[in-house]
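Subject: Structure handover

Hello,

Please find the structure below. My notes on it follow.

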Amino acid sequence: MRPIIDPRWGDAEDDTSSTKHRTLISLAGSLLAEISIPKLIAAWIALIIIPAVLLGAAPLLASIWLSTVSSKVAAITTGLLPPLLLALLIAAAWYGGRPLWRIIETNFWSLNALAVQPIYAISREALRQLAERFLPAHVEPRVRDRTRAICAAISGMLICGFSLWIATLAWPNTRWTGSLSDLTAPTHLAHAALFNSVVIVVLYLAMAGLAWAVADTLMPQPRDIAHLPAAPAKGKVWRVAHLSDIHVVGERFGFRIEGGRSGPRGNQRLQQAFAALDAAHARNPLDVILITGDMTDAGRSSEWAEFIEALAPYPGLADILVLLPGNHDLNVVDRANPARFDLPTSPKRRLREMRALSAICGLQGKRVHVADAETGKPKATLEEALQTHIDQVRDFADKGTTRLAWKLAKIWPDAFPMVLLPKTPDDLGVILLDSNAQTHFSFTNALGLVSWEQTSILEKMVTRFPEAKWIVALHHHAVEYPKPAKALSERIGTALVNGTWFVRRMQRLADRVIIMHGHRHIDWIGRCGDLTVVSAPSPVMDVTDDKATYFYIHHLGAGPDGRFGLFAPERIVLHGDPAS
């Protein structure tokens, strides 16, 4: 049987969301044509309009409240009311402090992700793209670094100036004080509140743009590591296989969201990677196999099942494998339709979290530990920590209700960071972070964020083991690579929203920490100051089945100066199938 169109090779529908076949403008046009208007209105009301009105109304309502109660201050400050209010505040902080802080931090960085990071990143990278066209091909690294820093500073000043201009336009319509009579005219109050919120947000944008520019300008610029020395004959050297962005699909002939027909079909390349790892492990044992996210293409059950099935023939690899979630494992609402999004109340994201956590626990739950948020001390293994929630998770997976989703809200953030502890005081440990921002929209699924809580636990953990060396693993890249790009779209890769802050924190630990990540499918090894950063290429993405791909087995150890660093890696090539 020979059909006119061979279904094994796909068709135009497989390229619906492919950034290799379609431009971002084309994808955005399809998005606007297919988007659900009722859902969009509901999301705008819940996520933008109501918060904006509340933000802008806060000064007005505060002034009304102060004017109303000012005459009763004496009564409020006497008797039992003050100690009762104090006791209530202490109780609220004690029992709800961490969840409340998580909500505040998430919303703060969500504002940055929506209002600051895209504008700043596009402006900065556009300036760098323009400036680098005038630089010689073999310019000295310090000249390129200075150019990048100057572009960051100019970008911040442009954003600040534009924001202040918007604030001056909106200011005549603002009102910052009110009276009880305003409550009888809610439309007038809402009008003033909206303009108040515009001024508040753009003033924050002005300050944040400058702050990001100063941080980027003063931070050491990322540089390539041109040469790595061979591993020494003596001394401890750890062999770490680093893979990322496998994007397992649930169909034998299925294509990936991003690649479409420009990428491989099915999961044969993953099976080939595991076979190559098994052979390398037999030749010279590996210490760790690290997969830094995007194990699946859209976080579906069938994709996790395929990943587990592909690993099943290699129990020796499973015993040393650790992994962490990527944006495709959690944030893709619909792999076939980037215009689809979830409302904030939807339980679907929680369901993808539980799928990922279930698979992660099954693979490494006996070997990785969760940590105490206050002390950074290792606590139970992941499997032990989840033991009391197993029935709830299974019930939620079966029913998928919003009520059950709320009950499981703490399980995911409490599981990170996961820690593979050093076996001896001076051994290698791995800290696994969740760097995925919470998004409800497939088109914005790639945003990254490392929380203050995870970073604090990480620092305490490293301090607790002063002789150990550490891999800090996450999915998203913390800095944009110092590589010339042909197109502006190649330069803007949705890095961590708080990447500059995170890198500065990690630079304090640079003598004992190496950062490893994925996300961009780009092969890069470099430094930010003294901090070593490793970006993994994808062994399955960006090429068709007939082309070769590769990954690395890295060699880690102490250099002559005693600092933790890299030696020359071993490149493992996965050959393509010319017949395909």
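Arg350 forms a salt bridge with Glu353, with 3.1 Å between the closest N and O atoms. A salt bridge here is a side-chain nitrogen of Lys or Arg within 4 Å of a carboxyl oxygen of Asp or Glu. The model is predicted, so local features need pLDDT of at least 70 and side-chain atom pairs count only at pLDDT 80 or more, while totals for chains, interfaces and linings use all residues. Residues are numbered from 1 along each chain as its sequence is written, and side-chain values use heavy atoms, with hydrogens and water left out.

Both Arg350 and Glu353 belong to helix H11, three residues apart, about one turn of the helix. Helices (H or I, at least four residues) and strands (E, at least two) are DSSP runs, numbered from the N terminus. Arg350 has 17% relative accessibility and counts as buried; buried means under 20% relative accessible area, exposed over 50%, and partly exposed in between (1.4 Å probe, protein chains only).

Glu353 also meets the side chain of Arg349 in a salt bridge, at 2.4 Å from N to O. That pair lies in H11 too (residues 348–364), four residues apart, again about one turn of the helix. Arg349 is buried at 9% relative accessibility, and Glu353 is buried at 2%.

**Other salt bridges**

The structure holds 14 salt bridges. One of them joins Glu303 to Arg300, whose closest N and O atoms are 3.2 Å apart. Here Glu303 is buried, with a relative accessible area of 0%, whereas Arg300 is partly exposed at 28%.

**Cavities**

There are three cavities of 30 Å³ or more. On a 1 Å grid over the protein atoms alone, a cavity is a set of points where a 1.4 Å probe fits but cannot get out, and lining residues have an atom within 4 Å of a point. Grid points are joined across faces, edges and corners, and a volume is the space filled by probe spheres set on the points.

The largest cavity contains about 230 Å³ of space. It is lined by 19 residues, and those closest to its centre are Arg124, Asp216, Ala478, Glu480 and Thr500. Helices H4 (81–132), H6 (186–218) and H17 (499–507) are the elements that give two or more residues to this lining. H4 provides the largest share, five residues. By type, the lining of the largest cavity has 10 nonpolar, four polar and five charged residues. Nonpolar covers Ala, Val, Leu, Ile, Met, Phe, Trp, Tyr, Cys and Pro; charged covers Asp, Glu, Lys and Arg; the others, Gly among them, count as polar.

**Strands**

Strand E3 (residues 288–292) runs parallel to E4, and four bridges join them. Two strands pair if DSSP finds at least two bridges between them. Ile291 has Leu323 as its bridge partner in E4. In strand E4 (residues 321–324), Leu321 and Leu323 point one way, Val322 and Leu324 point the other way, and all are buried.

Which strands pair with E11? Strand E1 (residues 222–224) is joined to E11 by three bridges, and the two run antiparallel. Within that pairing, Pro222 has Cys528 as its bridge partner. E11 is also joined by five bridges to strand E12 (residues 531–535), again antiparallel, with Trp524 opposite Ser535. The hairpin of E11 and E12 has two residues between the strands, and Gly529 takes a positive phi near 65 degrees there. Four of the five residues of E11 are buried, so the strand is largely enclosed by the rest of the structure.

**Backbone points to check on screen**

Most residues other than glycine have a negative phi, and most peptide bonds are trans. The following depart from one or the other.

- His247 has a positive phi of about 55 degrees although it is not a glycine. His247 sits in the loop between strand E2 (237–243) and helix H7 (268–283), and is buried with a relative accessible area of 0%.
- His521, also not a glycine, has a positive phi of about 65 degrees. His521 is in the loop between strand E10 (513–517) and strand E11 (524–528), and counts as buried at 12% relative accessibility.
- Phe416 and Pro417 are joined by a cis peptide bond, with omega about 0 degrees. Pro417 is placed in the loop between helix H15 (411–414) and strand E7 (418–420).

Regards

Notes. 1 Å grid on protein atoms, 1.4 Å probe; cavity = no way out; pocket = protein on both sides within 12 Å on 5 of 7 lines; lining within 4 Å.
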